[in-house]
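Here are my notes on the model you sent over. Have a look at the structure first, then go through the points below.

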Amino acid sequence: MRSLTVVSGKGGTGKTLFSTNLAWLFHQKGVATQLLDVDAEEPNASLFVQFIPIRTQPVEKLIPHIDESLCDRCGLCMKECQFSAITIAPKKTAVLAPLCHGCGLCARLCPQKAITELPKTIGNIRLGKTQEGFSFGEGILNIGEPSAVPVIRQLKNLAPKDAQIRILDAPPGASCSVVESLSGSDSALLVTEPTPFGLHDLRAAIAVVSEMKIPFKVVINRFDAGSSEYVEKIRHLDAEVIATLPFDRKIASVYAEGKLVVKELPKYLPVFERIIEAIGRGFA
Amino acid sequence: MKVLVTAEGDTAQASVCGRLARAPYFLIYDTQTEQWTSYANPYQQEHGMGSRFAQFAAQKGVQVVLGAAPGPNAKAALDTLGIKFALATGVTAQEALSQYLATHA
């Protein structure tokens, strides 16, 4: 199985638009396809396919629980916790679950063996297929939870590995959850737009995929909406632009209705075909 | 009693900082010696500054913290450690201390 992660840096550039349309097109071509929505903070790819969930699995994080009768207040756990998730006072202890990364160091270090790790549900993953017939999965982070990383990791691990191509619709940004989405990917598709923010965040995304040594290509969405100055600036980056999609009210309209451009607006099929060809040439 | 004020500078004339745990300086006033001691904020981390700050205050024997409103983590850690908090904004560290002592001493 080859995997392609669709990232952007800036939010709202078109990750989901490209992920869902590419998945459908791959499937149409007889390629065993899987689409994973790893934007667990606000998954929305399922709006564009008819998702039939088959399996739901909670995602848990291990949170330390301190047995006050065993704790001798030595403070080692508090001192060593890199995320300052534990506070030990003479009469009280506090574990700040939102700060805890569930690494388990405190439980291992505790000389009194006063710490046990208890699971806390932080989200869910849903796996299944689409009515169209390809494999689909999504991660959903519970509201208030600070990190989607464990949800993304578990979704990638539990999703079936029998597809020929796995497309991951990543979260925006260039931080931990994006790194986890890209981790293990054969390639990345960077979606940008010709605006100052698009360019700025594309640079951040390029820095991440380059650091991770993941081959990537760029597509420019809303090609003619921003200024040509930014198109030029994007073209001057050390990155190959393989396709552009124009700014077209009809595309926005189709998207807003939860429909696919490749189905509704055949004149844009060649844009997506070009990306699939590039993937076929070996960048995925 | 020791009172900690989070400040923009390292003297009692410095303004109270608009951020609590991420203030550049922590100024501690000891009511017994009537002396201020200044500490540059020793922490530089993305997450968990609130609880580190509360732990710092506890370690220095502070009973009261004056400064900008704490976030949820700082608040939980201050409560756990039994450290009182009072809001202080738009004044110098000295003024914040005087106001607090005038109303609470």
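Which residue of E2(B) is the bridge partner of B:Thr6?

1. It's B:Phe26. Keep in mind throughout that this is a predicted model.

2. Zooming out, the chain B sheet is an open one with five strands, ordered E3-E2-E1-E4-E5, and its pairing is mixed. Strands E3 (35–40) and E5 (84–87) of chain B sit at the edges with a single partner strand each, so one side of each has no neighbour in the sheet. From one strand to the next, the twist averages 20°.

3. Now the interface: 13 residues of chain B are in contact with eleven residues of chain A. On the chain B side, the elements giving two or more residues are helix H1 (49–59) and helix H2 (72–80). H1(B) gives the most, with five residues. By type, that side of chain B splits into seven polar, five nonpolar and one charged.

4. On packing, the largest nonpolar core has 67 residues, and A:Val6, A:Val151, A:Leu189 and A:Leu190 have the most contacts inside it. Helix H1 (residues 15–28) of chain A is the top contributor, giving seven residues.

5. A:Leu189 is worth a click. Setting aside neighbours within four places in sequence, its contacts are A:Leu4, A:Val6, A:Phe18, A:Phe216, A:Lys217, A:Val219 and A:Ile275.

Notes. Residues numbered from 1 in each chain as written. Chains lettered and ligands numbered in written order. Predicted model: local features only at pLDDT ≥ 70, side-chain atom pairs only at ≥ 80, totals over all residues. Pairing = 2+ DSSP bridges. Helix = DSSP H or I, 4+ residues; strand = E, 2+ residues; numbered from the N terminus. Axes fitted to C-alpha atoms, helices over the stretch in contact; angles between N-to-C directions. Contact = placed C-beta atoms within 7 Å. Nonpolar A, V, L, I, M, F, W, Y, C, P; charged D, E, K, R; others polar. Core = buried A, V, L, I, M, F, W, Y, C linked by C-beta atoms within 7 Å. Buried ≥ 20, exposed ≤ 12 C-beta atoms within 10 Å, placed from the backbone.
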